[in-house]
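Student: I have a new structure to look at, and I would like to learn how its features get their names. Could you take me through it?

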Amino acid sequence: MNYQKYLSKTAMDIPPSGIRKFFDLADKDKEVISLGVGEPDFNTPWCASEAAIKSIQKGVTQYTSNSGLPALRMQISRYLKQRFGVEYDADSEIFITVGASEAIYLALRAILNDGDEVIIPDPSYVSYSPSVAMCGGKAVAARCFVDDEFRLTAENLQKVITPKTKALILPYPNNPTGAIMPKESLEEIAKVVKQHDLLVISDEIYCEMTYGGRRHTCFSEIDGMKERTVLINGFSKAFAMTGWRVGYACAPNEIFKQMLKIHQYIIMCAPTNSQYAALAALKGGFEDGFAEIKAMVDEYDMRRRFLVKRLNEMGLTCFEPKGAFYVFPCVKSTGMDGEGFANTLLKESKVAVVPGDAFGESGKDFVRISYAYSLSSLKKAMDKIEEFVAKHKKN
């Protein structure tokens with residue numbers, strides 16, 4: 001049967017995830033050390049798991065409201081105000097989604113008409129461009145460079161704006177580079193956003209993971225930007241809750257209503273028991289001063305510094321990432337681009353990393369290495385990579 005005539009051209013044109021490709025290859029060989037997946041290697045806080053268990057034991061397994069548990073939305077509002085100084089109304093500006101990924105898709109679906117352009121920093125997470133395409137828009141890359149520590153500059157943003165530009169996705173701290181945007185950089189971006197009357201989808205899922213005493217700046221904090229911003233966040237990274245699939249979106253009420261309407265039809269509500277887990281995790285965070293998150297970030301920081309040092313010593317130049325849990329070394333010294341390096345490393349040394357061009361053309365000569373793995377695994381992997389680099393390095 002010829003299925004081609006039945007299938008959506010948009011769906012067929014979307015490439016498979018470059019991250020999952022290498023994860024699946026690594027998963028088939030138990031000898032492979034995989035550094036490819038961005039998933040915390042810490043356990044979900046017990047208070048969260050216990051809350052979910054108790055909700056099941058009590059038979060609390062029905063739908064919540066479409067917006068999610070009122071108590072959870074109240075805690076999110078409190079969290080954003082206390083941690084980042086931004087105020088969102090729990091009833092009219094916040095709702096719970098199935099992870100941050102659903103929230104991003106809903107935001108795009110709510111604002112895009114066919115042919116609208118959305119600017120995405122390059123490199124960035126693999127799902128943004130396909131999501132724009134699925135919503136009828138056109139993804140436009142704004143190149144980011146290692147000399148700028150992969151920050152999006154106002155100058156490079158200006159270069160790609162056209163009369164069709166409607167929105168900017170702002171994903172910082174950044175996956176795959178670990179780049180952050182200091183407040184002064186965000187203020188420069190805000191001037192361009194206001195000048196061209198744009199909306200911003202600010203994906204801040206890694207907001208708790210910044211290093212060296214740096215505080216994350218929420219884009220909605222910037223003067224005049226809350227009314228233009230859809231703030232995306234969730235529990236996957238900071239609370240080690242990837243599989244629970246709980247995220248949230250915060251938006252001006254007019255955008256909120258359209259996003260929620262789409263959410264009603266395609267999802268109904270986020271998983272009830274996961275919402276109770278998220279509520280307990282956030283309450284527990286307030287009770288212990290977010291000490292559990294801090295301990296996790298301190299461990300990531302130690303791994304981060306270890307990897308940057310080892311990679312630079314072996315000749316894979318690596319700028320110091322200041323957020324998330326990834327390093328993004330350049331592999332040009334081996335005579336290979338990122339794709340060639342990752343494929344050959346997997347074949348010869350049984351270490352899996354992700355080619356940088358999976359995240360955009362600017363990542364062509366880089367690879368992404370996640371340090372959401374134990375230090376012992378990272379040490380073994382670095383020893384193997386060092387041997388590999390010594391073998392292939394150009395004179």
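Tutor: What follows is a short talk about a pocket and a sheet.

Tutor: This is a predicted model, where local features need pLDDT of at least 70, side-chain atom pairs count only at pLDDT 80 or more, and totals for chains, interfaces and linings use all residues. Residues are numbered from 1 along each chain as its sequence is written, and side-chain values use heavy atoms, with hydrogens and water left out.

Student: What makes Gly-38, Ser-101, Tyr-125, Tyr-206 and Lys-237 stand out in the lining of the largest pocket?

Tutor: Of the 25 residues in that lining, these five lie nearest the pocket's centre.

Student: Which helix gives the lining of the largest pocket its largest share?

Tutor: That is H5, with four residues. Helix H2 (18-27) and helix H5 (99-111) each supply at least two. Helices here are DSSP runs (H or I, at least four residues), and strands are runs of E with at least two, numbered from the N terminus.

Student: How do you know that S2 and strand S8 pair?

Tutor: Two strands pair if DSSP finds at least two bridges between them. Four bridges join S2 to S8 (residues 247-250), so the two strands pair, and they run antiparallel. In one of these bridges, Ile-94 has Cys-250 in S8 as its partner.

Student: What order do the strands take in the sheet?

Tutor: Seven strands form an open sheet with mixed pairing, in the order S2-S8-S7-S6-S5-S3-S4.

Student: Why are S2 and S4 said to stand at the edges?

Tutor: Strand S2 (94-97) and strand S4 (138-143) each have a single partner strand, so one side of each has no neighbour in the sheet.

Terms used: On a 1 Å grid over the protein atoms alone, a cavity is a set of points where a 1.4 Å probe fits but cannot get out, and a pocket is an open set with protein on both sides within 12 Å along at least five of seven lines; lining residues have an atom within 4 Å of a point.
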